[in-house]
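Good morning, and thank you for coming.

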Amino acid sequence: QVQLVESGGGLVQAWGSLRLSCAASGSIFRINTMGWYRQPPGKQREFVARITSSGRTNYADSVKGRFTISRENAQNTVYLQMNRLKPEDTAVYYCNSDLTTNTGTYYADGYWGQGTQVTVSS
């Protein structure tokens, strides 16, 4: 059984900060890239940030300079530090992981967590 569990979401005022965490556990053979996506209310899911196992990062233009993604490979955990939050950052944030299970199943499109709600008030 593989699990991605997000945490750290909540309600915060504009210009505030939150740190999201995502811990992968279970019968995981390998994790390559981990990332964050979000789905604002009434909108489609969108890319936020990702990080490879070697630490290379990529960000959506909307969060560059405000969000920082990082990871602890030994714990299969990825973080998203969100600073100077805006109301438009309000969304359900999902953790995604490009991983292979111990039984050889490769999730090329990523394995998903359940999501954590982030609400930014003005």
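Predicted model: local features only at pLDDT ≥ 70, side-chain atom pairs only at ≥ 80, totals over all residues.

**The disulfide and its surroundings**

I begin with the link of Cys22 and Cys95, which is left-handed, with -85° about the S-S bond. Cys22 lies in strand β3 (residues 18-26) and Cys95 in strand β9 (residues 91-101), so the pair ties together parts that are 73 residues apart in sequence. The sulfur atoms of Cys22 and Cys95 are 2.0 Å apart; a disulfide here is a pair of cysteine sulfur atoms within 2.5 Å. One disulfide is what a search of the whole structure finds.

Residues are numbered from 1 along each chain as its sequence is written, and side-chain values use heavy atoms, with hydrogens and water left out.

As to the strands, they are DSSP runs (E, at least two residues), and helices are likewise DSSP runs (H or I, at least four), numbered from the N terminus.

Are the two cysteines buried or exposed? Cys22 is buried, with a relative accessible area of 0%, and Cys95 also counts as buried, at 0% relative accessibility. By definition, buried means under 20% relative accessible area, exposed means over 50%, and partly exposed lies in between, with a 1.4 Å probe and protein chains only.

Which residue of β8 stands opposite Cys22? That residue is Val78. Strands β3 and β8 pair in the antiparallel sense over six bridges; two strands are said to pair if DSSP finds at least two bridges between them. On the subject of burial, five of the six residues of β8 are buried, and the strand is mostly covered.

Strand β7 (residues 67-72) also pairs with β8 in the antiparallel sense, over six bridges. Within that pairing, Met82 in β8 is the bridge partner of Phe67. The hairpin of β7 and β8 has four residues between the strands, and in this hairpin Asn76 takes a positive phi near 50°.

**The aromatic residues**

I turn now to the rings. A pair of aromatic rings is described by the distance of the centres and the angle of the planes. The rule takes rings of Phe, Tyr and Trp (its six-membered ring) whose centres lie within 6.5 Å; planes under 30 degrees apart count as stacked, over 60 as edge-to-face and the rest as tilted. How many aromatic pairs does this rule give? The count comes to three.

One of them is formed by Tyr37 and Trp112, an edge-to-face pair with 5.1 Å from centre to centre and 65° between the planes. Tyr37 lies in strand β4 (residues 28-39) and Trp112 in strand β10 (residues 106-112), so this pair ties together parts that are 75 residues apart in sequence. Tyr37 is partly exposed, with a relative accessible area of 21%, and Trp112 counts as partly exposed at 27%.

Why is the pair of Tyr107 and Tyr111 edge-to-face? The ring centres of Tyr107 and Tyr111 are 4.8 Å apart and their planes stand at 85°, so the pair falls in that class. Tyr107 is partly exposed, at 31% relative accessible area.

Ring pairs also link Tyr37, Phe47 and Trp112 into a cluster. Arg45 lies over the face of Trp112, at 3.8 Å from the ring centre, and over the face of Tyr37, at 6.0 Å from the ring centre. For this, NZ of Lys or CZ of Arg must be within 6 Å of the ring centre and within 35 degrees of the ring normal.

My last stop is Thr90, in the loop between β8 (77-82) and β9. Thr90 is buried, with a relative accessible area of 15%. Leaving aside neighbours within four places in sequence, Thr90 is in contact (heavy atoms within 4.5 Å) with several residues, including Pro40, Pro41 and Thr119. The side chain of Thr90 reaches the backbone oxygen of Pro87 at 2.9 Å, and a polar atom of that side chain lies 2.9 Å from the backbone nitrogen of Val120.

Thr119 itself lies in strand β11 (residues 116-121) and counts as partly exposed, at 28% relative accessibility. Beyond its neighbours within four places in sequence, Thr119 is in contact with Gly10, Leu11, Val12 and Thr90.

Thank you for your attention.

Notes
Polar contact = N/O pair within 3.5 Å; in protein donor to acceptor, adjacent residues only side chain to side chain.
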